[in-house]
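Q: Could you walk me through a structure I have just opened? I would like to begin with the charged contacts and then move on to other things.

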Amino acid sequence: MFSFFNNSFLTLFSTIPPPQVFLPVLQKMHWSVYCVNLVHGQIDILDPSPWTDQQQKEILGGIAHRIRKRLNDIFQSFTGGRFIDFSHWGLPYVPVPKVVVSNDCGFFTMLFLEHYDGENRKLNINIDPVR
């Protein structure tokens with residue numbers, strides 16, 4: 001199905017998994033990042049929206065569970081079940097800087113992809129959302 005994955009890559013990936021795997025997600029014109037965090041056994045959600053905790057759960061809650069299931073299914077399929085099953089891991093929201101202008105979420109997610117330290121569950125860069 002995905003021809004760009006060759007057997008040697010999949011073998012390496014399934015035997016020596018990276019400590020974190022990132023998935024940028026676009027939902028209804030809003031970007032966020034899901035990080036399969038193998039260090040802590042959870043899927044960290046990095047969302048730059050200024051929503052309240054309740055709004056985050058309402059807006060992202062349903063899709064977060066579908067993403068976790070589908071992503072786990074893909075990893076299990078590609079690795080022949082050798083990748084750790086994360087289908088029931090928690091989905092905590094990691095505190096990250098929030099956007100001031102709503103269409104800046106794409107830029108924030110790019111910074112999250114580059115600078116998120118899943119082991120310590122923090123960004124290794126200061127982001128000033130006003131600039």
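Q: How many salt bridges does the structure hold?
A: This is a predicted model, and the structure holds two salt bridges. In one of them the side chains of Arg121 and Asp44 meet, with an N to O distance of 3.6 Å.

Q: Which residue forms a salt bridge with Lys69?
A: That is Asp73, and the closest N and O atoms of the two are 2.6 Å apart. Asp73 and Lys69 are four residues apart in helix 2, so about one helical turn separates them.

Q: Staying with helix 2, where does it bend?
A: Helix 2 bends at Leu60, by about 50 degrees, and Leu60 is also one of the buried residues of this helix, which include Ile63, Ile67 and Phe75. Just after helix 2, Gly80 takes a positive phi of about 65 degrees.

Q: Changing topic, which residues form a nonpolar patch on the surface?
A: Val100, Val101 and Val130 form that patch, and together they have about 290 Å² of accessible area. Val100 is placed in the loop between helix 2 (53–79) and helix 3 (105–115).

Q: Why does Val100 count as exposed?
A: Its relative accessibility is 57%, and exposed means over 50%.

Key:
Residues numbered from 1 in each chain as written. Predicted model: local features only at pLDDT ≥ 70, side-chain atom pairs only at ≥ 80, totals over all residues. Heavy atoms only, no water. Patch = residues over 30% accessible without salt bridge, like charges linked within 9 Å, V, L, I, M, F, W, Y side chains within 5 Å. Areas by Shrake-Rupley, 256 points an atom, 1.4 Å probe, with all protein chains shown as cover. Salt bridge = Lys/Arg side-chain N within 4 Å of Asp/Glu carboxyl O. Helix = DSSP H or I, 4+ residues; strand = E, 2+ residues; numbered from the N terminus. Buried < 20%, exposed > 50% of the residue type's maximum accessible area, 1.4 Å probe, protein only. Bend = angle between axes of the 7 residues up to and from the residue.
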